[in-house]
Amino acid sequence: MELLRVEALTLAFGGLRVAREISLALASGDRLALIGPNGAGKTTFVNLVTGQLAPDAGRIVLAGEDVTRMAVAARVRRGLVRTFQISRLFRDMSVRDNVLLAILQREGRTARAIRHAATDRTLVAEADAHLERLGLGEVAGDRVGAIAYGQQRLVEIAIAVALRPKVLLLDEPAAGVSRAEQPRIVAALAALPPDIAVLMIEHDMDLVLRLARRVVVLAAGALVFDGSPEAVVSDPGVRAAYLGSYGT
Amino acid sequence: MGLALGIATDALAYGMVLYIISIGLSVTMGLMRVINLAHGAFAMIGGYLASWGLQSLGLGYGTAILFAVAGAVLIALPLERFLYRRVYGTHDPLPQVLLTIGITFAIIGIANSLFGPTLKPIPLPEIFRGPVDLGFRTVPAHRLVVIAAGAAVALGLWLLVERTDFGIRLRAAVDDARMASALGIRTDVIYAAAFALSVALGALGGVLGAEILPIEPYYALRYMVTFLVVVSVGGAGSIGGALGAALLLGLVDVTAKYLAPEYGEFFFYLAVIAVVAAFPRGLLGRA
Amino acid sequence: MAATKMAPRSPIARDRLVTAGGLAAIAAAGAIGLVLFPNDLGFLTRVLATALLVLSLDLVTGYCGVATLGHAALFGGGAYASGMLAAHGGIQDPLVLLAAGLAGGLVTGLVSGLVILRATGLPQLVLSIAVVQLASALANKLSGWTGGSDGLSGISPGPLFGRFAFDLWGQTGYLLGVALLLVVFAALRALVLSPFGLLCRGIREDVIRVGALGARVRPALVAMYGISGAVAGLGGALSAVTTGVVGLDSLSFERSASALVMLVFGGAGSLGGALVGTVVFQVFEHAVSAANPFHWLTLVGLLLIAVVLFLPRGLQALPARLAGLVRRRAAPARGGA
């Protein structure tokens, strides 16, 4: 089942074209890696799809519904969820409250203002279960600002999963994580719900080969390759893009 | 017609006073990202020093201005070094607000105990006192001096920022402080120099504007908001924006006080809300 | 070594304990005031009204991260609503007058929230100043209704519950204020610990993150402004009912600025910090200005500077700070033994 379709998405900042008619479709169960040289427009693409940026032209269709003109939060409520390249977490809250807030928001309960946020035990138990699964049970009560950076990246993933996405956009989920912590991130990503569609920006080809079943390459704002991870390394267009002879 | 011209000269003079005082605040707020509610207190210090120099030390008007500007800078620099530097660019504005209100209170208290609660006159030299005949109308000479001084400050700042080595460093630090210091620009020196410049302009405005904004201990509190509003409406860090904002708000305020004095500051703040709603980043603010 | 941790309490039970402790502390402080300072009940009632204003400010500034120097508009909105109902409507029931203040504050809060939340950062701060100055100029202009710069008088509330008159000693007013503070504190504790309160704390920390959770930020902030207005309005009404007058100072920039000062002084983002900040600051100001009218403002200024330098998170961080110092002192001694 198709969950996300992007049609001819285009954006220019002044004269600089940062997205050139990008078209892409994601179906349930897809694991797609988006790669490309620095400045190719990868994060711009994610910001366009999530609604942080508005495109000059093109369409974004989420599970059959046109969301092109919709606000960020409205898209999230319809199942389009992202993570951030540099962790954006509520650092003064506990790890558990970070995930609990996501669950409360998903359940539409954040307008309730009288009873304690932890009143509904099934929701608290769900938050704890998400954390357990990622090996964060020990630090559930700690302030996010006080836990290790690799753990913070895992909290980011826990929040995303707790929002029950249909489509999940991961912006460099392992950025800044040490080699020693990387296996936990990889395991967390491998254990994402199988039926959701995942698009992941990643530089590390090792990770891409392990997690993605399809790779698209972005260069100078345009899509130059869409195919299997095995084919991408030998594709002449991709080589040209990374060596800098493409585009401009 | 006569009324309109009267309003126009008064508005222009008032706007220029607002500009001379506020532009320094705009520079520090744009550069060091600090909400300095004590800026009016530095203008007030300038006024007190000038008054003291003229009345007790027997200085001439020009020397008294130099004395006031230098004195205010000397008082302010240790405050910059030991207090302001701790709150530059903090993500949370509340410590800045608390610190600078604290400094303002302390300066008001000290001014009150040293000089008393009364208004301090800054007598003008003979040539600035009389009316000047412009052909179509006579206006007080002092107003013309203030207007000329405002124009000179605007021009001087423009030359400083656009044409000098210091200006290049200043702009680099405003654009990206980390990058600037990576390029070997000593941002702490730039900051101290910009702060000194800011206080100097504030003190100059305090002295020149004393006819319009009279010097008394609560000066620092009374006009604190006005200067902040000018900076915000113009866009922090923008020389042209501050000039536009000062002249616009000066015009609104003077016109309203001529035509509808019973409304007080109503129209002034209505204009503020309208401009901020229309230009949330300031008239010429950077995105 | 590892098993010495205390059995973890549920977060709800722990938070309830804190609320109960806070209520007990307010009640105890209230009793101390009544017994030890029977001649200063008028001043203490003013402190209570201000405490409601600072709590209200804490909701938007401490919990939502909206910096404002115009919060007295909400206090004044409540004070004038209550005062005008009494002076022009002839209403005498103090509870009705308090309800009017709550409603007046709620409306002022929603309106000023809609204006102030149009911008962020410095322009937001300036909008907040503009709102309170505008309200003040308006109250001055509409002197037929508000009494203008002479103040609104002719507020003569009847006895509370038909039994307790507002006498010269101010006991009734003081006790009413303490009771009001207890109720408001309990309600606000529930509010900040609720899902809505959690959302607001999220907004303060990272607006973009909250949007990426699917939450609507502006409606939440405007709602919080309304609640905050209701609390500030209650404070204004308490002031109107107990003093019998409403002046332009009730919606001045100076009152707004001093409320922010007290909040940051005590510690923004903590209801207890807001209360401690209000009480300590006002008592300090009261005592210093009585003892030394020449230097009190200087001393208040130096106190604020000292807080920024040594207690950047306000007085509420003082116990933890002291404990840290003691521990650091103790550590080398233990190491040497």
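In chain A, four strands make an open, antiparallel sheet in the order β2-β1-β4-β5. Strands here are DSSP runs of E with at least two residues, helices are runs of H or I with at least four, and both are numbered from the N terminus; two strands pair if DSSP finds at least two bridges between them. The model is predicted, so local features need pLDDT of at least 70 and side-chain atom pairs count only at pLDDT 80 or more, while totals for chains, interfaces and linings use all residues. Residues are numbered from 1 along each chain as its sequence is written, and chains are lettered from A in the order in which they are written.

**Sheet of chain A**
- β2 (16-27) and β5 (65-66) of chain A are the edge strands, each pairing on one side only.
- Eight bridges join β1 (residues 2-13) of chain A to β2(A) in the antiparallel sense.
- Leu9(A) has Ile22(A) in β2(A) as its bridge partner.

**Contact between chains C and B**
- Chain C gives 35 residues and chain B gives 36 residues to the contact, where two residues are in contact if their C-beta atoms, placed from the backbone, lie within 7 Å.
- On the side of chain C that touches chain B, α5 (121-141), α11 (253-266) and α13 (296-310) of chain C each give two or more residues.
- α5(C) gives the most to this side, with 12 residues.

**Gly78(C)**
- Gly78(C) is part of helix α3 (residues 72-89) of chain C.
- Gly78(C) counts as buried because it has 40 C-beta neighbours inside 10 Å; the cut-off for buried is 20 or more other C-beta atoms within 10 Å, with C-beta atoms placed from the backbone.
- Beyond its neighbours within four places in sequence, Gly78(C) has contacts that include Gly101(C), Leu102(C) and Ala232(C).

Note on methods. A residue is buried if 20 or more other C-beta atoms lie within 10 Å of its own, exposed if 12 or fewer, and partly exposed in between; C-beta atoms are placed from the backbone.
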